[in-house]
Amino acid sequence: MEVVKQLEQLRTTRRKCSDPFGLVPTMGYLHEGHLSLVRCAMSECASVGVSIFVNPTQFGPNEDLTAYPRDLERDLSLLSAEGVDLVWIPEVEGLYPPGDPTWVDVEGLTEYLEGAKRSGHFRGVTTVVAKLFNAFQPTKAYFGQKDAQQARVIQRMTEDLLLPIEIVICPIVREVDGLAMSSRNSYLNPEQRQAATVLWRALGHAGSLYDAGERNAGNLREGMLDVLNAEPLARVQYVSV
């Protein structure tokens with residue numbers, strides 16, 4: 001497994017990799033959700049690359065950029081065990097040269113849900129993903145369904161910019177109790193971790209209502225809100241069907 005930091009090193013190594021080439025962009029602190037993307041890429045592509053970069057432009061001024069969990073040594077060990085060909089660990093200056101930045105901004109899709117709660121978040125995501133696409137020149141790129149709005153935004157960006165890249169959306173990987181795997185789950189204390197399963201219970205309740213014949217989206221949302229509001233530690237930001 002080749003591990004590189006500089007863009008020119010990346011491009012030199014990438015030229016030696018066989019196509020089709022699969023890319024898995026990550027912010028590190030890898031878990032089984034990330035590794036499921038790697039395995040899917042390995043099954044479909046001749047070569048696989050992974051980026052590890054905590055992207056500052058997708059964090060708001062009061063968000064967790066400095067606290068975001070990191071464990072590079074463990075990440076590289078996990079990726080090596082999976083047989084990944086190439087890992088890029090860029091510095092911030094390597095992706096964002098000094099001077100006025102150029103942004104990639106997908107309008108419309110980014111204006112509600114996560115976009116409404118985190119101003120500028122998706123602009124940071126689409127900009128860095130566009131840079132990663134240009135650097136790696138992948139055939140396919142793999143993203144998790146857990147971040148559903150992000151996945152759709154990246155699909156739209158790829159379509160609109162006429163990029164010759166297939167976006168592959170892979171299923172959510174969950175803990176035994178149903179909580180979607182996430183690097184940020186490490187922030188939770190035991191009480192919060194137990195309470196967090198309310199997310200899965202609320203989704204399951206909506207699914208049961210749907211299976212019973214409910215087709216009114218408002219009623220499905222209300223059903224989820226009933227479950228979420230019954231958990232004292234939960235603070236609802238948005239519910240969407």
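This is a predicted model: local features need pLDDT of at least 70, side-chain atom pairs count only at pLDDT 80 or more; totals for chains, interfaces and linings use all residues.
Visitor: At what angle do the axes of helix 6 and helix 7 cross?

Guide: Helix 6 covers residues 121-136 and helix 7 covers residues 148-160. Their axes come within 10 Å and cross at roughly 55 degrees. Helix 6 and helix 7 are therefore oblique to each other. Their crossing is right-handed.

Visitor: Which residues of helix 6 and helix 7 meet?

Guide: Helix 6 brings Phe122, Val125, Thr126, Val129, Ala130 and Phe133. Helix 7 answers with Gln149, Gln150, Val153, Ile154, Met157 and Thr158. By class, this contact has 8 nonpolar, 4 polar and no charged residues.

Visitor: What is the angle between helix 2 and helix 3?

Guide: About 30 degrees, with the axes 10 Å apart. That makes helix 2 roughly parallel to helix 3. The crossing is right-handed. Leu35, Val38, Arg39 and Met42 of helix 2 make the contact with Leu78, Leu79 and Glu82 of helix 3. Those residues divide into 5 nonpolar, no polar and 2 charged.

Visitor: And helix 9 with helix 10: how far apart are their axes?

Guide: The axes are 8 Å apart, and the packing angle is about 145 degrees. Helix 9 spans residues 198-211, and helix 10 spans residues 217-229. Is this crossing left-handed or right-handed? It is right-handed.

Visitor: Which residues of helix 9 and helix 10 meet?

Guide: From helix 9, look for Val198, Leu199, Arg201, Ala202, Leu203, His205, Ala206, Leu209 and Tyr210. From helix 10, look for Asn219, Leu220, Gly223, Met224, Val227 and Leu228. The contact of helix 9 with helix 10 has 11 nonpolar, 3 polar and 1 charged residues.

Visitor: Now the backbone. What should I expect of phi and of peptide bonds?

Guide: Most residues other than glycine have a negative phi, and most peptide bonds are trans.

Visitor: Which residues does a cis peptide bond join?

Guide: Aspartate 19 and proline 20, with omega about 0 degrees. Proline 20 sits in the loop between helix 1 (7-16) and strand 2 (21-26).

Visitor: Which residue other than glycine has a positive phi?

Guide: Tyrosine 29 is one, with phi near 50 degrees. Find tyrosine 29 in the loop between strand 2 and helix 2 (32-44).

Key
Residues are numbered from 1 along each chain as its sequence is written. Side-chain values use heavy atoms; hydrogens and water are left out. Axes are lines fitted to C-alpha atoms, for helices over the stretch in contact, and angles run from 0 to 180 degrees between N-to-C directions. Helices (H or I, at least four residues) and strands (E, at least two) are DSSP runs, numbered from the N terminus. Angles under 35 degrees count as roughly parallel, over 145 as roughly antiparallel, 65 to 115 as roughly perpendicular and the rest as oblique. A crossing is left-handed if the near helix is turned anticlockwise from the far one by less than a right angle, and right-handed if clockwise. Contact means heavy atoms within 4.5 Å. Ala, Val, Leu, Ile, Met, Phe, Trp, Tyr, Cys and Pro count as nonpolar, Asp, Glu, Lys and Arg as charged, and the others, Gly among them, as polar.
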